[in-house]
Every structure is written in C-alpha cells, then in structure tokens.
Amino acid sequence: MNVVLGLDGLDALVGVLREEGHVVIGPVLRDDAITLAELSSAADLPSGWGVETGPGHYRVREREDAAVFGHSAGPQSWKRFLHPPRRTLVSSDSTGFHAARDDTPDYAFLGVRPCDLAAIAKLRQIVASKLPFVVAAQCTEPGEVCFCTSMGCGPGAGDGYDIALTERLDADGHRFLATPGTEAGAAVLDRLPGRVATKQDVALAEQDVATAARRMGRALPEVDLRDLLAANRDSAHWEAVAQRCLTCGNCTMVCPTCFCVSVEDTTDLDGNAERAERWASCFEIDFSHLHGGAVRTSGAARYRQWMTHKLGTWHDQFGTSGCVGCGRCIAWCPAGIDITEEAAALSQTTEHGGERR
Amino acid sequence: MTWVPTPYRVATRTVETHDSATLALRPVAESLPAFRPGQFAMLYAHGVGEVPISVSAIPGDGTLVHTVRSVGAVSRALHDAAPGTVIGVRGPFGTAWRLDDVEDLLVVAGGIGLAPLRPVLAHPSKRTVFIAGARTPQDLLYTAELSHLSGVDTVLTVDHGDHDWNGRIGFVTEPLASIPLDPDRTTALLCGPEPMMRFCARTLLGRGVPAERIQVSLERNMQCGIGLCGHCQLGPLLLCRSGPVVGYPVAEPLLLTREL
C-alpha cells in the first residue's frame, strides 16, 4: 500500500531502520559536495541543497526549496559500502591461511537514486556482499550530465528497492510518496506516521518522474553499443580522445559499477602476511602488467579499454551494460571528456564507413 | 572461500634451465580437485604474492606439478622454493586444451610455453608432431624427456645455437611450413609468445588447417583467477575463465588489435 510521509515520517523511517540494527547511510552535505555517510536522523539529509554539474564541473548550490533529495549523483557511490576501496581477503601465518572475517555492517541505504539502484544490481552480479535494505528516491530532477533514460536505468526506480520515495514540494506541503517494493519494506512503512496515498498522489509522482525523463540532459546514441565498440577497436577516434585524456582514472573511481581490484601483500616483522584487494583502474599502466611489460601503454588503448568494457564487452561478460547513465564520469573528468559525446562521435564515423587508423 | 589458498608443500624441485625449475607439490592436508591439461593454478609465495602458473604434468596421484620461470619477484620466490616450503594454491582455473575427436595432433611450443603443453605430450595421439623452439639450447625445457618421447615426431629449434648444438636454428614457423601434415585431420595446439602463435597460426591457415582446429593459450595479468579483478581482459574475454586456452576464430581478431 502506498503511503504519504511528511518530514516526520522520513525522520521516523531513519529511526526505525536504526532500531532494526541497520547502519543507515544517506546523502549529506560535506566539503561542498553531496557525499554519503551514516545518518543519525533525517536532519542530516542535505535539505535545501542542490547541485550544478557539467563536463568537468560539480558545484553544490542552495535551492529555492527545502528538498532533501534534490541533487543528482555526487562524487561517491554506494560502491564504497558494497565493495570497499580496500578489503582484506586472507591472512597467512605459520598455522596456515585464514579467510578474512566479513565485518560488513547490516546497511540500510536511504536516498538511492534509480541509476544507483541499477548500479547496485550490476555490482552485486560481481561482488558478493550482504543485501542492504534499500530506500530508493525516484528522480524528479535530473542533472545536466545525466543520461539514465537512454540506459533504461531511470528516472523511475526499477527493481531492487524495499521502499521507493518520490519527493514533492508544493502548496500542499513537503511530502514523500512511499511505495513498498518488498514485504520488509511494507513492514517498515506500517510503523511510520503517514497517511494512505490517494490516486492523485500517485498520479503526481508518476507525472514528476515522466517530466524528469523528458528533461534528461544527455543520451547515448541509439545504436547497438556492443556492436559499435566491437567494430571500432581500430578507430582513429581513440587517439583523438587520448589527446585530451589525462589517464588519471577519476572516471573509474567515481563510476558506481567499475569493480576492478588489484591484490597486494603486506607483511609484518613476525612473518605474518596479509592479502588485500584495493580498487584498481584500467587507466593504471600496471593494470595490464605482464613480465614483458604492460599490454596497454598508450592513453588511447586505456581509454578504449574502459569505454569498450563499460558499454560493450560488459554485455559479453555479464549479460548487461556496465553503464547506468549517472553521469559521474563526465562531471568528475578533469578534462571534461563526455562518454555520450565520444560514443556519438564513434557512431558518426562508423556511419560514414568507419575512420581507421 | 575462493580467495583462500590451500597449503601444499614442495616435495621435489627439479632445475630445468638456468631460470626455470619444476616443483612437485603435495597437499599438506586437503587437496584441490584434479587439473586438466592447459588449466592453471594461482600459486602464492608467502608474503610475496600470487601468480598464475599452468600445470606442467598431471601424475594422477594428487601431486601438482608446475614449471616456473623466474621473471619477477613472485616467480623468483616460487622458482627458488626449496623442498619443504609451503606454497598456497588456488585452482583449478581456466579452460583446458580441447582434445576430443583429435586425429593428428600438432603441438607447437615456444620457450616456457612448453610447460602447459607437456601434459598433452604425455598422452600423444596416434600421429603426433611436436615442434619446440627456444632462444638458445640452454633455454630448452625437459630435453632429456623430450628426446625419448615415444610415438612423437619431435623437432627442436633454437634462435641462437652454440658449439654443442647440432640441431636446427630458426623460428618454429620454418619446420611448421615444411613438415608433412594432413590439414583435414590436424588439431594444432600453440603456446608461446603472442607473435609466435600468430605467425604459426597464419602458417597453418595457409596450409589449409581450419581455424576451428587451432587452439592457443593466452596470457594476461591475472590476480583473482575467478573473473572478479578485471585484469585479464582481452576484448570480451576474461582470460582466467574464458581462457587461457582459446579457439583461434575467437583469438585472431583480438590478437591482431594492438594493445587490446
């Protein structure tokens, strides 16, 4: 049953989730960005803060209203909780090998945007992690670099949430339409102060999401991206991107689905050793290291690897695209490289018979 | 618990060349499932790291046999491991040589690329031709054993000979171009440096061997062995699970792209 919550209901939601033993993570304003951190109450949410994004550009801005989910994707994603930047895998000492204890808290994620909801599903295909309790926040206000509609990942929430919220502020007040996605979600909603939603509430929420879809700033070309990238391994365009790309790896760090890790050993003076994985990037030279040297040394080859994997070969490996259209890689690229523009450029050169190196 | 190695102990260590040694590993307690020819294990040297190494023999009694060439910190530590040393092992990983319906078998190896092919040579087909190349005679692996392979036509060749070398000098492609073979009956297994495999495959295709019956063993950086770390990608392939043994129709376009 759909419920309409007020700000008190939202605060009660945080309280109930904490009472149930969850570590509740949600958006907060920190260091001039919307980041993700533990919430002690709904008062921690970034009420009245929005963001302004563009290629190589991200600024928080004060909104004219008090919306708490009125911001698009920030520099962090839920990846850092489901697939932490560093994780111990195994330790070894004189008695043998010991699997690392899984001390992942029982998370509840609050305010997961639909693009990130899709990203969590993609990540969980690869990284085994406890299923968090997920409160999605449907997107009614896409950012300038967003293109989730063309990836089929938003602005409405797809599968995988326990509760989906749709925020609305108008003459009737600041409220959230709450839709349960699971029995656990419905059980939580039963404990919150609110009122039963009317047809009008639901219709307004649907209208807000549909409007958001039409206001999406960007799109990927409407071609089979897997075929496009497979056909363009030798395109001269990779070199054109490489002239701008700094191979810094920012895109891979902010991407909510980039999962690659390197494994490293640390030892202590007692002879104990520990193996840990840490986030790695296909832009690192060492990423493709073999004893004869790295396979991918040029920036062109490394950018091609990243984009081809994200949009193309991910399908071969996992049966889906690796991209959800959150736009983080565009906003956080210091050179402002835009994956949608690069895909469009490849698609245009291919239409004209392919530009070959 | 796929990240947790199973402890094995070095039972014997055989020096093969100036930089390569073969380790026979016995389980300390529990043992891993059986390996097939072409598959690999992740071998862990305590405190140094882990590298993918193919099995170079399959005795069938649970002993794991690996030939390790010392080329970096981890492979040096493994190469130097004295009998009694405990090595962590994960596996078996990856694809095996496909040996069903083999009529004539052609095995071409370059350098350490011979190691993953040795288990195949232990059970040759009725007609088996084996060509091995190395940089110098001192780099040839398993020489005592290979000169006595029964039922196998063996051709050894080196890039640079020395005073004691009476054999062939040149690339493996040269004997490959001239040995008698029936292209309709031949299954070719290639392992060695990528350019070597490419040129061998080109020679074989030119002689009428269908690409479908050419298999290559490919190498990329591997850190997990189970498709989680992303390092071993070659185009659409995660080589730790779609490889190392790959059919040439799939491998060819990938190998022909620079820095893929």
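**Ground rules.** I count residues from 1 along each chain as its sequence is written, with chains lettered from A and ligands numbered from 1 in the order in which they are written. As the model is predicted, local features need pLDDT of at least 70 and side-chain atom pairs count only at pLDDT 80 or more, while totals for chains, interfaces and linings use all residues.

**Entry: the six-stranded sheet of chain B.** I began with an open sheet of six strands in chain B, ordered S4-S3-S6-S1-S2-S5 with antiparallel pairing. I found its edges at strand S4 (49-54) and strand S5 (64-69) of chain B, each of which pairs on one side only. Neighbouring strands here are turned by 40° against each other on average, direction ignored. My strands (E, at least two residues) and helices (H or I, at least four residues) are DSSP runs, numbered from the N terminus. Two strands pair if DSSP finds at least two bridges between them. I then looked up one pair: strand S1 (residues 6-15) and strand S2 (residues 20-27) of chain B run antiparallel over seven bridges. Within S2(B), Thr22(B) stands opposite Thr14(B).

**Entry: the seven-stranded sheet of chain B.** Next I followed an open sheet with mixed pairing, whose seven strands come in the order S10-S9-S8-S7-S11-S12-S15 (chain B). Strand S10 (168-169) and strand S15 (245-247) of chain B are its edge strands. Strand S7 (residues 104-110) and strand S11 (residues 186-191) of chain B pair in the parallel sense over six bridges, and Asp104(B) has Thr186(B) as its bridge partner in S11(B). I also noted helix H7 (residues 248-255) of chain B, which lies across strand S12 (214-217) and S15 of chain B and runs at about 95° to S15(B). For such angles, axes are lines fitted to C-alpha atoms, for helices over the stretch in contact, and the angles run from 0 to 180 degrees between N-to-C directions.

**Entry: where the chains touch.** How many residues does the contact take from chain A and from chain B? I noted 32 residues from chain A and 29 residues from chain B; two residues are in contact if their C-beta atoms, placed from the backbone, lie within 7 Å. On the chain A side, helix H10 (299-318) and strand S13 (261-267) are among the elements that each supply at least two residues.

Entry: Cys245(A) sits in the loop between helix H8 (237-242) and helix H9 (250-254) of chain A. Is Cys245(A) buried or exposed? It counts as buried because it has 21 C-beta neighbours inside 10 Å; the cut-offs are 20 or more other C-beta atoms within 10 Å for buried, 12 or fewer for exposed, and in between for partly exposed, with C-beta atoms placed from the backbone. Leaving out residues up to four places away in sequence, Cys245(A) touches Gly299(A), Tyr303(A), Ala335(A) and Ile337(A). Thr247(A) is in the loop between H8 and H9 of chain A, and its phi is near 50°. With 17 C-beta neighbours inside 10 Å, Thr247(A) counts as partly exposed.

Entry: Most residues other than glycine have a negative phi, and most peptide bonds are trans. I found a positive phi of about 50° at Tyr142(B), which counts as buried with 21 C-beta neighbours inside 10 Å. I also logged two cis peptide bonds: Gly154(A) to Pro155(A), with omega near 0°, and Gly243(B) to Pro244(B), with omega near 5°.
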